[in-house]
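Could you walk me through this structure in the viewer, one selection at a time? I would like to know what to click on next and what is there.

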Amino acid sequence: MSKKNKKQDDLDTETTFADMNVEGFSWYDPNKKKTDMKKRPPIKLSRKEYWAMVFGALESMLPMLLCMIVGGLLVFLLAYLWLKP
């Protein structure tokens, strides 16, 4: 097997991220079923997994929150020094 064929074997052609079955496109098929998010069974999470997700989300937001706080304090300090009588 050549290297070119190997790359094509690794290509994932089954995963879709957006439904491209849009009315007006040449490949539109009105009979094609859409996968509905409401029909999927709910994900069962334990209490530990839930809190791990919450803390992970907060941890990812922390750098931006700190930048906003530091930026706000910097603006406040500059305004205080500039408008000082």
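This is a predicted model: local features need pLDDT of at least 70, side-chain atom pairs count only at pLDDT 80 or more; totals for chains, interfaces and linings use all residues.

Residues are numbered from 1 along each chain as its sequence is written, and side-chain values use heavy atoms, with hydrogens and water left out.

**Whole chain.** Colour by secondary structure and you will find two helices and zero strands (DSSP runs of H or I with at least four residues, and of E with at least two, numbered from the N terminus). Of the 85 residues, 1% are buried (under 20% relative accessible area; exposed is over 50%, partly exposed in between, with a 1.4 Å probe and protein chains only).

**The loop.** Next, select Leu-45, which sits between helix 1 (3-10) and helix 2 (47-82). Leu-45 is partly exposed, at 41% relative accessible area.

**The rings.** Now show the side chains of Tyr-50, Trp-51 and Phe-55, a cluster linked by ring pairs (centres within 6.5 Å; planes under 30 degrees apart are stacked, over 60 edge-to-face, the rest tilted). Tyr-50 and Trp-51 are edge-to-face, because their planes meet at 80°, with centres 5.2 Å apart. Trp-51 and Phe-55 make a tilted pair, with 6.0 Å between centres and 35° between planes. Both lie in helix 2, four residues apart, about one turn of the helix. Finish on Phe-55, which counts as exposed at 52% relative accessibility, whereas Trp-51 is partly exposed at 41%.
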